[in-house]
Amino acid sequence: LYRLDGQEFSPTNRFTNLLPGRHVVYIQDRKGCMDSLEVFILEPERIVPNAGADIEIELGDEISLNASAVPAGIYQYNWYRGDSIECTTCQNTRAVPFNDGYFAVKATDANGCEGVDSFYVRVRKDYQIYPPNVFSPNGDNINDVFYAGGSKSLSNIDEMLIFDRWGNVLYQGQDLAPRDATKGWDGRADGSYCLPGVYVFQIKGRFLDGFVKTVSGDLTLLR
């Protein structure tokens with residue numbers, strides 16, 4: 001029979017989840033004879049990961065996630081907080097944060113000992129759509145298409161409408177790529193070139209975090 005410290009004797013000779021420090025194992029045979037063995041369990045060195053410092057970025061920025069840990073050794077890393085992480089089980093990876101929040105990593109050694117660390121990301125949100133106010137669709141490949149630019153977080157043009165001065169819809173585009181000079185209005189309506197003049201645009205843009213913004217204004221067409 002076996003006994004650890006002040007526990008009762010039992011047939012079990014395996015003891016788990018022991019605290020660091022001094023322990024005494026008692027062994028008793030069937031005749032009642034007993035012996036003991038003193039054991040010292042050393043506390044392992046604490047694992048201290050380093051996830052990085054707090055940062056501030058603009059929505060649409062990509063950040064690098066680089067983890068390390070001390071003491072030196074082989075660790076399994078797991079990024080378990082934060083959005084849009086490219087690889088959650090990689091020591092070094094990337095992410096495009098959409099919102100303020102923490103990114104946390106856990107480092108685990110071969111014995112199952114682990115440590116955690118985190119850093120905070122503040123995301124500035126600048127919801128900007130930049131349509132031009134003049135374009136010249138004359139076939140010279142310079143400013144021939146009316147298209148929408150914007151801040152780097154602008155991910156899609158859900159809809160683009162062009163109206164004449166009487167409110168008639170001359171062009172409707174949907175799901176257009178922003179900042180693409182080939183995706184927009186080429187100055188024609190029903191296959192015919194529109195006359196030079198002032199027109200009205202309405203653009204609905206969608207940003208990386210799902211925010212939708214609509215802008216409108218005047219547009220001058222030159223030939």
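This is a predicted model: local features need pLDDT of at least 70, side-chain atom pairs count only at pLDDT 80 or more; totals for chains, interfaces and linings use all residues.
Reader: What radius of gyration does the protein have, and what would a compact globule have?
Author: The protein has 33 Å, whereas a compact globule of 223 residues would have a radius near 17 Å. The radius is taken over C-alpha atoms, and the globule rule is 2.2 Å times the number of residues to the power 0.38. Along the principal axes, the C-alpha atoms fill a box of roughly 110 × 30 × 25 Å.

Reader: What makes Cys-87 and Cys-90 a disulfide?
Author: Their sulfur atoms are 2.0 Å apart, and a disulfide is a pair of cysteine sulfur atoms within 2.5 Å. A search of the whole structure finds one disulfide.

Reader: Why is the disulfide of Cys-87 and Cys-90 called right-handed?
Author: The torsion about its S-S bond is about 75°, so the disulfide is right-handed.

Reader: Why is Cys-194 called buried, and why does Cys-33 count as partly exposed?
Author: Buried means under 20% relative accessible area, exposed over 50%, and partly exposed in between (1.4 Å probe, protein chains only). Cys-194 has 11%, so Cys-194 is buried. Cys-33 has 47%, so Cys-33 counts as partly exposed. Cys-90, at 27%, is also partly exposed.

Reader: Why is the pair of Phe-135 and Trp-185 called tilted?
Author: Rings of Phe, Tyr and Trp (its six-membered ring) pair if their centres lie within 6.5 Å; planes under 30 degrees apart count as stacked, over 60 as edge-to-face and the rest as tilted. Phe-135 and Trp-185 are 5.5 Å apart centre to centre with 45° between the planes, so the pair is tilted. Phe-135 is buried, with a relative accessible area of 0%, and Trp-185 is likewise buried at 0%.

Reader: What makes the pair of Trp-185 and Tyr-199 edge-to-face?
Author: The ring centres of Trp-185 and Tyr-199 are 5.6 Å apart and the planes stand at 70°, so the pair is edge-to-face. Phe-135, Phe-146, Trp-185, Tyr-199 and Phe-201 form one aromatic cluster.

Note on methods:
Residues are numbered from 1 along each chain as its sequence is written. Side-chain values use heavy atoms; hydrogens and water are left out.
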